[in-house]
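Let's walk through this one together, starting with the whole chain and then zooming in on a single residue.

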Amino acid sequence: MVTGRGPLLGVSVGATHIRAVLWWRDAIQWAGAAPYEGPVALAEAIARLAGEAGAPVRRARVVLERDVVQLRSIVPAPPLKPSAVRRYVALEAPRLFRQNGAPLVTDGVRVALTKDSAALWAGAAPEPLVLAVLAGCAQAGLALEGLGPAADVLPWAAAPRQGAMVFANGGTSEILDIGSGGTWQSRLVRGIGNGESPVLAGPLAALGAHASHFAAAYASAVALPRLTLLPIAVRAAEERRGRRRMIRLLAIGAALWLVAASVHAGRLAWIRATATRSLGAAAPAVDSALAARRDLDLARATMATVARADEGRSRHVALLAAVTQALGDSTYIAALQVTTDGVVRVAGYAPVAARVVAQLERLETLRDVRLEGPLTRERGAEGRERDRFAIVARLGVQP
């Protein structure tokens, strides 16, 4: 059914009369009634009341009063799934309802009574009457939002909404039993029944003495009936329209997703093109910066190499000074080598090579001093004999 905002026409249909209220902005703006005889007159009466409402109205909810609808309660409810209740009532219609020479439109729902119990609430209405209501709404250009029994919504016309309620209507009264899940039993009796009529809702007070006559019409405007008394063909058409609406929504959603994806892809392509152009424009400057960076790195490495060479040369000069100072004047150094791993080799001539080892061991800059290879005794040009030595050591504390 169609739902929306704006003025709403609430209609109640009895055996010989029809009543309507215009509900808008949480108040009854207009109320009217009309008699009718037969389905054709009913359709015309609905269209006429819609035209007399005093305001453009496009939506309607219709309820059928107790004298034109049959209601049954089965306690406890059969163990059926909610989707199977409607089919069960349609199959059991000949046993539950009187035919009266006309096909019936049926529906049923499961109503909770307590935490552990429930009732099957079923209703039926003559199909010609239902078709006349549909024709009247179509003639008036009204979108029908709901069509069901008035007993389903009457509790909304009074407070409280639980327990037994008695609604008088002319010479008869309808007694409703209301549980936690809503109305679950309806009885039509002569007279006023056993009990007092409930206090009607505030908006109905504006209608004065006729308020109780329009209770069903008002209740249909503020609440939807749970039972939907529509022919099978109309229900199928509604379901098809619902499926079509769903398909349209899905198609629109898919189209929007495609548009969004296309926009996103286009934006990414534009960003890529812009970035490529920007990088191309900045390429000379970037190349120059990179070249300058390489030159700076090379210069920095050269300076570091020079600094390390100066440091090594200074260290070697200091080591040579310490060695020459430790040795006597009679000792000659022919070669001094310092490797990168800290090994020091000294070669030369001395009167006694062992004395050279002892003198070098006193230096704090050398450790593990020892002779390397055999000693040879040689005579110099002045005629003196000296030991030719080769000493190896390791750098200790840096000089």
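Start with charge: the protein carries 47 positive and 32 negative side chains, with the centres of the two sets 5 Å apart. Here Lys and Arg count as positive and Asp and Glu as negative, leaving out His and the chain ends, and each charge is placed at NZ of Lys, CZ of Arg, CG of Asp or CD of Glu.

Keep in mind that this is a predicted model, where local features need pLDDT of at least 70 and side-chain atom pairs pLDDT 80 or more, while totals for chains, interfaces and linings use all residues. Numbering runs from 1 along each chain as its sequence is written, and side-chain values use heavy atoms, without hydrogens or water.

As for the fold, there are seven helices and 18 strands, taken as DSSP runs (H or I, at least four residues, for helices; E, at least two, for strands) numbered from the N terminus. The radius of gyration is 55 Å, well over the 21 Å from the globule rule for 399 residues, so the protein is more spread out than a compact globule. That radius is taken over C-alpha atoms, and the rule is 2.2 Å times the number of residues to the power 0.38. Along the principal axes, the C-alpha atoms fill a box of roughly 160 × 55 × 40 Å.

Now find Arg86, in helix α2 (residues 82-91). Beyond neighbours within four places in sequence, Arg86 is in contact (heavy atoms within 4.5 Å) with Asp107, Gly108, Thr228 and Arg235. By C-alpha atoms, Arg86 and Gln359 are 119 Å apart.
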